[in-house]
Amino acid sequence: MTDKLKMLVSEAEKSGCKVVFEPFLRDYTTFRIGGKAAALFELDNVQKCERLITFAAKNSIPYFIFGKGSNILADDNGTNAVIFRLSGGEPELIGENTVRCFAGVPLVKLCGFALENGLCGLEFAYGIPGSVGGAVYMNAGAYGGEIKDVLTSVKALDKDGNVHDYTAEELEMSYRCSRFTHSGEVVLSADFTLQKADKDGIKARMTELMEKRRSKQPLEFPSAGSTFKRPQGAFAAQLIEECGLKGLTVGGAQVSEKHSGFVINRGNASFEDVMELIGKVKEAVESKTGYRLECEPVIISDREEYKV
Ligand SMILES: Cc1cc2nc3c(=O)[nH]c(=O)nc-3n(C[C@H](O)[C@H](O)[C@H](O)COP(=O)(O)OP(=O)(O)OC[C@H]3O[C@@H](n4cnc5c(N)ncnc54)[C@H](O)[C@@H]3O)c2cc1C
């Protein structure tokens, strides 16, 4: 362990923060792929995030932020960086229709809280297996809804340890994109403004969308959800299917037979299997249709060729 890492661990212990040494990232990602990181720090509130992430930034300790790891593809070679994993916390009502959440709150918990309080607007997000922070980071969306439709403000931490309060308008949110995808800031908490509605109606819509997911998506296999962003004017899954790539396999990685937009881990897929398969799909789709597919999951790797 380097001296800097020892200092960070000591800070973590003072804050009552759980540390896992040399964790396998496959245990923290829904793709179930990834080697060891230097250490993983579990951060379950805003104060711990401010203290530890700022300490790492100021001491030039490389780090990655994790939520639920549902949009991450990690290298089997692992990383020398540390992982700050934001998880836990409870949503709270801060106004009649406004809910505030620590970034580590699972989206499904936020949706359940909205339902309990008879608040609608988040039904689309029910079933997206991420955290609030991860959903804000990439403006998660489904079935015609997006996080930006209900988000009113965000508290975020910059690399110098300053906390900023942003209104939704300042967050530059668009399809799978926000200021956080390029600013390096960490989402600490988010406020959502919803609408009063009948609980039965909210529940029915959530159940309907969950059923849709179950019938259309290969939820029985590990994955990071949609592997490719939707190109302008087309659907990635449709293009992949038209190119005859459904079921294409490299090692343990496969273009799902159930949903061509998903690359799945059939059991023992390696990082390189997935990267090779993604490369093959991109190449075939571009040469046959002219569309350039872009990878949606975030790649965690220390190798130059995979750095984003
Ligand atoms: C089966 C399945 C279905 C899915 N369906 C959908 C869907 O319908 N719609 C959709 O949009 N996505 C979908 N996803 C992808 C994924 O669930 C979302 O992108 C989700 O928002 C990721 O959240 P996370 O907490 O898991 O983020 P992670 O995967 O942990 O992280 C993803 C990125 O967000 C960054 N990040 C995480 N938390 C923070 C934070 N607090 N501050 C700053 N950056 C942060 C990470 O550094 C990383 O770059 C699906 C995934 C799976 C496995």
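Where does Ser131 lie? Ser131 sits in the loop between strand E8 (119-120) and H4. Helices (H or I, at least four residues) and strands (E, at least two) are DSSP runs, numbered from the N terminus. Residues are numbered from 1 along each chain as its sequence is written. The model is predicted: local features need pLDDT of at least 70, side-chain atom pairs count only at pLDDT 80 or more, and totals for chains, interfaces and linings use all residues.

Stay with Ser131. Ser131 counts as buried because 31 other C-beta atoms lie within 10 Å. The cut-off for buried is 20 or more other C-beta atoms within 10 Å of the residue's own, with 12 or fewer for exposed and partly exposed in between; C-beta atoms are placed from the backbone. Leaving out residues up to four places away in sequence, Ser131 touches Gly67, Lys68, Leu86, Ser87, Ala103, Gly104, Val105, Pro106 and Leu107. Such a contact requires C-beta atoms, placed from the backbone, within 7 Å. The C-alpha atoms of Ser131 and Gly145 are separated by 17 Å. These two residues are 14 apart along the chain.

Now the ligand. The shell around the ligand has 33 residues, and Gly67, Gly130, Gly133, Gly134 and Gly225 come nearest. A residue is near a molecule if its C-beta atom, placed from the backbone, lies within 6 Å of it. H4 gives the most to this shell, with 4 residues. Among the other elements that each supply at least two are strand E3 (63-66) and strand E15 (223-226). By class, the shell has 19 nonpolar, 13 polar and 1 charged residues. Here Ala, Val, Leu, Ile, Met, Phe, Trp, Tyr, Cys and Pro count as nonpolar, Asp, Glu, Lys and Arg as charged, and the others, Gly among them, as polar.

Next, the core. The largest nonpolar core has 90 residues. Such a core is a set of buried Ala, Val, Leu, Ile, Met, Phe, Trp, Tyr and Cys residues joined through C-beta atoms within 7 Å. Its largest share, 7 residues, comes from helix H8 (residues 271-289). Val136 is one of the residues with the most contacts inside the core. Beyond four places away in sequence, Val136 touches Ile147, Leu151, Val154, Ser178, Phe180, Val187 and Ala190.

Finally, the domains. An automatic or database domain assignment gives domain 1 (3-86), domain 2 (92-202) and domain 3 (218-306). The C-alpha centres of domain 1 and domain 3 lie 27 Å apart. Their contact takes 17 residues from domain 1 and 18 residues from domain 3.

Note on methods. Contact = placed C-beta atoms within 7 Å.
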